[in-house]
Amino acid sequence: MRYIEPHGHMVSRTTDDYQAMVTAGCMAVCEPAFWAGYDRGSVEGFRDYYRQLTEYEPARAAKFMLPHFTWLCLNPKESEDLVLARDVLAIIPQFLDRPTVLGIGEIGLNRNTRNEMTVLERHIELAVKYDQLILVHTPHLEDKLKGTNLIIDLLRSHRGVKPERVIIDHVEEHTIQRVLDRGFWAGITLYPDSKASPPRAVDMLEICGRERIWLNSACDWGVSDPLAVPKTALEMRRRGHSSDFVDAVLYRNPHRFLSQSPKFRLGD
Amino acid sequence: MKHPDSKRPSLPKRVRASTPRVSAAAAAIVEVGFIPVRAKLLEVAAFLDRVDRHGVSGDFRCVALREAAAVLVDGRNRRARRILEKFSDPTTEPDTISTGKAALGAWSGKLAPEKVRKPKES
């Protein structure tokens, strides 16, 4: 079995996780910029993080023969300080031509505030200006439905946004169809306590079809499982889905979306 | 001959006898899934007992949980989607200020009813 982990926060994980992922068939990992668990205090803090994502982490993954790609942004959880956000967004273009940067992400909303909307709009403008793919985080729990609607409306209001170049992540049963219906890609995140479990993820694939959907573990420093994607293959096979179905969802789908960036090339 | 790894979980004889003819994969949904889901349902029941016993059953999250649980037995489908919608903030405008970084799992409803609009359907 082969798969792509299209959303993993590997800076929070140990090298044991890299080894386990490669052993399970992982062919590439993509790491969106994330919140550190605390608010970074300066532009230089973000610059260091972007260097970690574009220099150190690819080298760490390469020790396990695993191609590592990344996405850059300021996380929605840090969007309340509009001045800092403006200054951080100003340095992102300095990193966009680096060989493993795929696009702008994971941008989006956290608590659905006006400041978060302002910073989301600035990120969208940045992505359009530099012709970047977009990876969108949708809010947690009770905020997800409203946030997803706000995000979709904002993306659709921007003439430069091409829906096929945008993935809206962390969809659940109440948001997946509206994302797909509007031409975007949808990401299903497999978490032990929130978001989706492997059985629910396969339910969504059975109900909505397998087109324009990827699965990810979004493993980070919280309760999460870096092997959640390959473990979901077992649930698919148990339901009677073919190995071709598994390969399409776990490998070919993310490969197709990510290949819209000329930098996403695997040795296969 | 099929590779042994391709076998689906087999049903016990007494279950096979009482189950209408379904595919092995469909039968496995119950065979493999029932015990873990039974355990989760008991956790819900025990949690509701516990919050009653400790006098915190009026917390808005417990209220939301009881309302959501009613969806399980209303005889209609799309239960997961409808439960998620029940827990969701039904308003449509961005909030002026953030009330903190973390969501709580259920909407507290701290908004005048006239400002609440039904979320858009997909």
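Helix 4 and helix 5 of chain A are oblique to each other. This is a predicted model, and that holds for everything I show today. The axes of helix 4, residues 114-129, and helix 5, residues 144-157, come within 11 Å and cross at roughly 40°. As for handedness, helix 4 of chain A passes helix 5 of chain A in a right-handed crossing. On the helix 4 side of chain A, the contact is made by A:Met117, A:Leu120, A:Glu121 and A:Ile124. On the helix 5 side of chain A, the residues are A:Leu150, A:Leu154 and A:Leu155.

Helix 4 of chain A also takes us to the sheet. This helix lies across strand 4 and strand 5 of chain A, the latter being residues 133-137. Relative to strand 4 of chain A, the helix runs at about 160°.

Now the sheet itself. What is the order of its strands? In chain A it is 1-2-3-4-5-6-7-8, an open sheet of 8 strands with parallel pairing. Strand 1, residues 3-5, and strand 8 of chain A are the edge strands, and each pairs on one side only. On average, neighbouring strands of this sheet are turned by 25° against each other, with direction ignored.

For the reasoning, a residue counts as buried if 20 or more other C-beta atoms lie within 10 Å of its own. In a regular strand, side chains alternate between the two faces of the sheet. Here A:His68, A:Thr70 and A:Leu72 point one way, while A:Phe69 and A:Trp71 point the other way. Residues pointing either way are buried.

Next, the partners of strand 3 of chain A. With strand 2 of chain A, residues 26-32, the pairing is parallel, over 4 bridges. Strand 4 of chain A, residues 101-108, also runs parallel to strand 3 and is joined to it by 3 bridges. You can follow the pairing through A:Trp71, which is the bridge partner of A:Pro32 and has A:Gly103 as its bridge partner in strand 4 of chain A. Strand 2, helix 2, residues 43-62, and strand 3 of chain A together make a right-handed β-α-β unit.

Some backbone details next. Most residues other than glycine have a negative phi, and most peptide bonds are trans. What kind of peptide bond joins A:Gly105 and A:Glu106? That bond is cis, with omega about -5°. A:Glu106 is in strand 4 of chain A.

Then there is A:Arg212, a residue other than glycine with a positive phi, near 55°. A:Arg212 lies in the loop between helix 7, residues 198-208, and strand 8, residues 213-216, of chain A. A:Arg212 has 19 other C-beta atoms within 10 Å and is partly exposed.

B:Arg78 is not a glycine, and its phi is positive, about 55°. Where is B:Arg78? B:Arg78 is in the loop between helix 3, residues 60-71, and helix 4, residues 79-87, of chain B. With 13 other C-beta atoms within 10 Å, B:Arg78 is partly exposed.

Chain B has 4 helices and 0 strands, and its elements run α-α-α-α from the N terminus on. Of its 122 residues, buried ones make up 8%. Taking contacts in chain B between residues at least 6 apart in sequence, 37% join residues at least 24 apart.

One pair in chain B to finish. B:Leu48 is found in helix 2, residues 24-53, of chain B. B:Leu48 counts as partly exposed, with 15 C-beta neighbours inside 10 Å. From B:Leu48 to B:Arg66 is 18 residues in sequence and 8.1 Å in space, C-alpha to C-alpha.

Conventions: Residues are numbered from 1 along each chain as its sequence is written. Chains are lettered from A and ligands numbered from 1 in the order in which they are written. This is a predicted model: local features need pLDDT of at least 70, side-chain atom pairs count only at pLDDT 80 or more; totals for chains, interfaces and linings use all residues. A residue is buried if 20 or more other C-beta atoms lie within 10 Å of its own, exposed if 12 or fewer, and partly exposed in between; C-beta atoms are placed from the backbone. Helices (H or I, at least four residues) and strands (E, at least two) are DSSP runs, numbered from the N terminus. Two strands pair if DSSP finds at least two bridges between them. A crossover is right-handed if, with the strands pointing away from the viewer, the path from the first strand over the helix to the second runs clockwise. Axes are lines fitted to C-alpha atoms, for helices over the stretch in contact, and angles run from 0 to 180 degrees between N-to-C directions. Angles under 35 degrees count as roughly parallel, over 145 as roughly antiparallel, 65 to 115 as roughly perpendicular and the rest as oblique. A crossing is left-handed if the near helix is turned anticlockwise from the far one by less than a right angle, and right-handed if clockwise. Two residues are in contact if their C-beta atoms, placed from the backbone, lie within 7 Å.
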